[in-house]
Amino acid sequence: MSATRGQGGLDDGMVNANWAQAAATAILAVIGLWIAHNYRRQVGLKLVERRIDAYMGLWAILAAASPGRTSPLDRVERQKVRDEMNRWYFDDGNGILMSTPARDLWIAVASNLTCPVASLRPAALAAELASLAEADADRRRGCVCISQASLLRHQMKADLSLHKGLYYRPELGTADRDFLRGCGISPWRRPWRPPGWRARTRASRLSATGASGARLCVCGGCQPAALPPGPHAT
Ligand SMILES: [Zn+2]
């Protein structure tokens, strides 16, 4: 009888020890996860700080393609912006601080500034410009480059979780969507999908008062559906 009781006590002790070991393992696992999460958070915060500095430099360069312009970017201006974008990319490792969609947009925007017409993105734009007289194609290109730079700026703001800008137009135009798709970006996902009713209401109110500052086409060749500068011009 006493031997049985002794065996039972031994089993209970082993069970308790196993539970204690399992609990200790679980606690250590939770602590490990917390440390890993905290480390990733710290790394993320440092990345955001550095990204802000990097993006500020690119923002200043893209001021040359401001939606407030009253004329298209000419060839000299496009070349200058591209040279400055290239220099920015390699200065201080700025390029590696970009998000993947921002980098993809950066590549397309920079390329479209000076690449051969046949290489323009989207392909529909290349085909359209190829059918125009050289001077007209140049003006149209200088206008579209401004709107594409606006899309890049919008992505930069989204990366930093900053304001979305004014909703100049409730939805992306066909050309904007084609350009995004050409960069491997879905126009139906954040931050590109259509804004909610509140933003639409705000946009229509600003538009009605003339306070939106919407940039009109400055080349005379953009179709309304393809008008820049996308949903949130900057
Ligand atoms: Zn235009």
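Which residues is Arg139 in contact with, leaving aside its neighbours within four places in sequence? The model in which this is examined is a predicted one, in which local features need pLDDT of at least 70 and side-chain atom pairs count only at pLDDT 80 or more, whereas totals for chains, interfaces and linings use all residues. Residues are numbered from 1 along each chain as its sequence is written.

Arg139 has its place in helix H5, where helices (H or I, at least four residues) and strands (E, at least two) are DSSP runs numbered from the N terminus. Outside the four places on either side in sequence, Arg139 is in contact with Pro72, Cys219 and Gly221, two residues being in contact if their C-beta atoms, placed from the backbone, lie within 7 Å. Arg139 counts as buried because 20 C-beta neighbours lie inside 10 Å; the class requires 20 or more other C-beta atoms within 10 Å of the residue's own, with 12 or fewer making a residue exposed and values in between partly exposed, and with C-beta atoms placed from the backbone. Between Arg139 and Asp74, which are 65 residues apart in sequence, the C-alpha to C-alpha distance is 7.2 Å.

The protein comprises seven helices and zero strands, and 30% of its 234 residues count as buried. Of the contacts between residues at least 6 apart in sequence, 77% join residues at least 24 apart.

The largest nonpolar core has 34 residues, and those with the most contacts inside it are Ala65, Leu105, Trp106, Val109, Cys145, Ala149 and Leu152; such a core is a set of buried Ala, Val, Leu, Ile, Met, Phe, Trp, Tyr and Cys residues joined through C-beta atoms within 7 Å. At least two residues of this core are supplied by each of helices H1 (2-61), H2 (75-90), H3 (100-114), H5 (134-159) and H6 (174-182), and H5 gives the most, with eight residues. Leu152, which is placed in H5, is buried, with 26 other C-beta atoms within 10 Å. Not counting residues up to four places away in sequence, Leu152 touches Leu62, Ala102, Leu105, Trp106 and Val109, and its C-alpha atom is separated by 9.9 Å from that of Leu180, 28 residues apart along the chain. Leu105, with the same exclusion of neighbours within four places, is in contact with Leu151, Leu152, Gln155 and Cys183.

The 26 residues of H5 should span 38 Å at 1.5 Å a residue, which agrees with the 37 Å between its end C-alpha atoms; the expected span is 1.5 Å times one less than the number of residues. H5 is followed by Ser161, whose phi is positive, near 55°.

In H2, the buried residues are Arg78, Val81, Met85 and Trp88. Seen down the axis of H2, these buried residues fall within an arc of 90°, so they line one face of the helix, the arc being that of the directions from the helix axis to the C-beta atoms. On the other side of H2, Arg75, Val76, Asn86, Arg87 and Phe90 are exposed. The axes of H2 and H3 come within 8 Å and cross at roughly 145°, axes being lines fitted to C-alpha atoms, for helices over the stretch in contact, with angles running from 0 to 180 degrees between N-to-C directions. Where these helices meet, Arg78, Gln79, Val81, Arg82, Met85 and Asn86 in H2 face Ala110, Leu113 and Thr114 in H3 through contacts.
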